[in-house]
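Please keep the sequence and the 3D view at hand while working through them.

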Amino acid sequence: MPVDTTLTSVFLEQGMISPKELDAALAIRNDVGEDIGHFLVRLGMISEHDRVRCVGLQHGIQFVELSEREIDPDTARLIPHAMALRYKVIAVEHSRDVIKVAMANPLDVQAIDDIATATDLEPIPMIAVEDEILEAIFNCFGAAGDISDIIVEAIKDADAEVKIREEEPEETDSNVAELRDLAGGAPVVRLVNAMIARAIAERASDIHIEPEAGRVRVRLRVDGILHEVMTVPKDLQSPVISRIKVMAGMDVAERRAPQDGRITLVARPQEYDFRISTYPAVHGENVVIRVLEKSAAQITLDKLGLGPDIADGFSRMVHAPYGMILTCGPTGAGKTTTLYAALNMINSVERNILTIEDPVEYQLPGVIQANVNRKAGLTFATGLRTMVRQDPDVILVGEIRDSETAEIAVEAALTGHLVLSTLHANDSAGAAARLIDMGVEPFLVASSIVGLLAQRLVRSICPRCASPFVVTDELLEQLKLPVNASDLAGAMKGAGCEQCGRTGYKGRLGIYELLLMDDDIRAAIIARDSAAQIRQIAMSKGMRTLRQDALEKVKAGLTTIEEVMRVTTE
């Protein structure tokens with residue numbers, strides 16, 4: 001294919017899109033400076049995999065699918081770790097004179113020159129998906145000694161700064177100026193960027209930076225489980241934390257009070273938000289960074305893992321003209337994501353949708369969203385009072401935490417609004433009792449609620465290393481699971497591979513318990529029956545519990561019995 005071929009013509013020739021679809025996309029394209037490939041990916045018309053492959057065809061560069069390829073770690077390490085991260089490149093093959101490298105941008109001449117200098121080999125660039133490159137880098141370099149080159153460089157840089165200040169003491173603004181100087185140093189900047197890059201590549205939901213007596217521990221929460229990925233020397237504690245504060249627009253000099261901040265990072269085609277929280281601990285400020293991928297806001301119900309019956313029931317609830325829908329579960333169970341999926345389903349120009357959240361995690365086009373701001377007097381309750389005067393059709397309240405918010409939400413649901421919210425309750429039946437405990441009258445609870453959805457997240461079996469797993473009756477008896485081994489004939493288990501970091505798991509999926517209101521359950525709520533009694537009535541009418549739904553996913557080969565036991569109770 002000629003090198004001067006346009007990318008759009010490659011898309012058309014490869015059948016990625018039709019001319020009609022391309023014309024329609026171009027008609028709504030506002031930013032003509034945005035790359036057309038990234039634009040089409042953002043619209044969901046093509047995948048990132050297809051975009052990168054077509055860029056390779058456009059420029060006559062071989063495309064390599066790293067997810068389908070085992071890379072020799074010794075070959076990968078021919079390129080220094082810091083350079084691999086900086087240029088998003090990994091070596092996949094080499095001979096005596098040549099090294100084949102997969103690159104996110106194979107047209108980067110500077111990167112190719114630096115690789116040639118570092119390896120003393122002639123680079124042959126290939127193109128690959130950026131996320132797959134980053135994942136391959138972290139798989140090959142491993143956690144031990146991770147980002148060691150950058151850390152060593154940062155230590156030297158910090159030592160040099162200290163010596164300079166000792167030789168040339170400054171009389172102005174000591175602490176803040178010094179912290180900002182160190183935080184702005186190139187090695188420290190690269191170290192923080194590398195932490196963030198690793199978190200993105202490993203699909204981490206949180207980064208924990210935890211000062212201890214003689215070191216700073218860095219952990220990532222991946223698929224709900226924390227694991228340690230690196231140790232940062234104590235000397236770099238202040239520069240690293242100060243760098244994060246500078247990025248988040250926080251007060252660098254304030255170390256005694258908790259602070260919150262936010263960072264937005266564009267790493268096309270994805271865009272990420274990072275919520276920063278500091279907590280003054282004994283050995284220094286503990287920092288937790290929540291990683292939020294903005295494209296997650298566009299998730300739909302079919303991607304959440306709801307079974308057909310639950311998906312159908314939940315969809316009917318969401319399309320109700322008024323009433324209250326609650327998602328229940330602990331922190332990190334995916335409740336807000338489920339509500340966003342519901343909003344995506346009903347979001348249209350005919351509906352006025354407003355939200356009050358703490359904070360807004362994802363921005364939804366066409367939805368009016370607001371953050372709780374206690375200093376300004378904007379709480380869930382005050383925000384909700386104002387929202388009902390904004391002519392809403394649908395209201396989303398981030399969480400019902402107190403009696404005032406609960407009462408206003410119930411009142412809004414009874415006066416012609418569809419109210420969606422989350423509640424900390426162990427199961428769906430317990431949610432009604434929780435509202436009553438908050439002081440809402442039982443008859444109002446029974447009248448306002450349309451349905452209750454309890455949920456948890458379990459880890460998914462890695463599809464690459466999954467293999468059949470024989471469940472025995474002895475194991476089920478030991479675990480006290482009320483099923484037969486024959487019922488779980490499709491069970492699988494991950495052996496552990498490079499793709500999943502040897503854990504056997506990759507990604508998470510939801511397990512659900514949907515309680516739909518009817519006259520019997522309303523009568524039980526009004527009679528103040530216990531959560532256990534309400535649960536029994538719902539089960540007699542066909543409700544599947546969280547554990548039963550989880551076991552169905554074990555039977556389908558999606559998760560393991562260990563995950564069922566870890567996440568659910570009797």
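1. In this predicted model, Asp358 and Arg401 form a salt bridge, with their closest N and O atoms 3.3 Å apart.

2. Over the whole structure, the search finds 31 salt bridges. Side chains of opposite charge can pair when their charged atoms come close.

3. Is the pair of Lys245 and Glu285 buried or exposed? Both residues are buried. Their closest N and O atoms lie 2.8 Å apart in a salt bridge. This pair links distant parts of the chain, since Lys245 sits in helix α12 (residues 237-247) and Glu285 in strand β9 (residues 284-293), 40 residues apart. In another salt bridge, Asp74 meets Arg77 at 3.9 Å, N to O; Asp74 is exposed, with a relative accessible area of 54%, and Arg77 is partly exposed, at 42%.

4. The strands β12-β11-β13-β14-β10-β15-β18, in that order, make up an open sheet of seven strands with mixed pairing. Its edge strands, β12 (368-371) and β18 (505-516), each pair on one side only. From one strand to the next, the twist averages 20°. Within the sheet, β11 (residues 353-357) and β13 (residues 394-397) pair in the parallel sense over four bridges, and Leu354 has Ile395 in β13 as its bridge partner.

5. Helix α14 (residues 335-346) lies across β10, β11, β12, β13, β14, β15 and β18, at about 165° to β14. Helix α13 (residues 308-318) lies across β10, β14, β15 and β18, and runs at about 60° to β18.

6. The largest nonpolar core contains 58 residues, and Leu435 is one of those with the most contacts inside it. Helix α16 (residues 403-414) gives the most to this core, with six residues. Beyond its neighbours within four places in sequence, Leu435 is in contact with residues including Met324, Ile400, Ala406 and Val445. Nonpolar side chains tend to be buried together in soluble globular proteins.

7. Thr405 is found in helix α16. This residue counts as buried because its relative accessible area is 0%. Setting aside residues up to four places away in sequence, Thr405 touches Phe380, Ala381, Leu384, Val397, Glu399 and Ile400.

Terms used. Residues are numbered from 1 along each chain as its sequence is written. This is a predicted model: local features need pLDDT of at least 70, side-chain atom pairs count only at pLDDT 80 or more; totals for chains, interfaces and linings use all residues. Side-chain values use heavy atoms; hydrogens and water are left out. A nonpolar core is a set of buried Ala, Val, Leu, Ile, Met, Phe, Trp, Tyr and Cys residues joined through side-chain atoms within 4.5 Å. Buried means under 20% relative accessible area, exposed over 50%, partly exposed in between (1.4 Å probe, protein chains only). Helices (H or I, at least four residues) and strands (E, at least two) are DSSP runs, numbered from the N terminus. Contact means heavy atoms within 4.5 Å. Two strands pair if DSSP finds at least two bridges between them. Axes are lines fitted to C-alpha atoms, for helices over the stretch in contact, and angles run from 0 to 180 degrees between N-to-C directions. A salt bridge is a side-chain nitrogen of Lys or Arg within 4 Å of a carboxyl oxygen of Asp or Glu.
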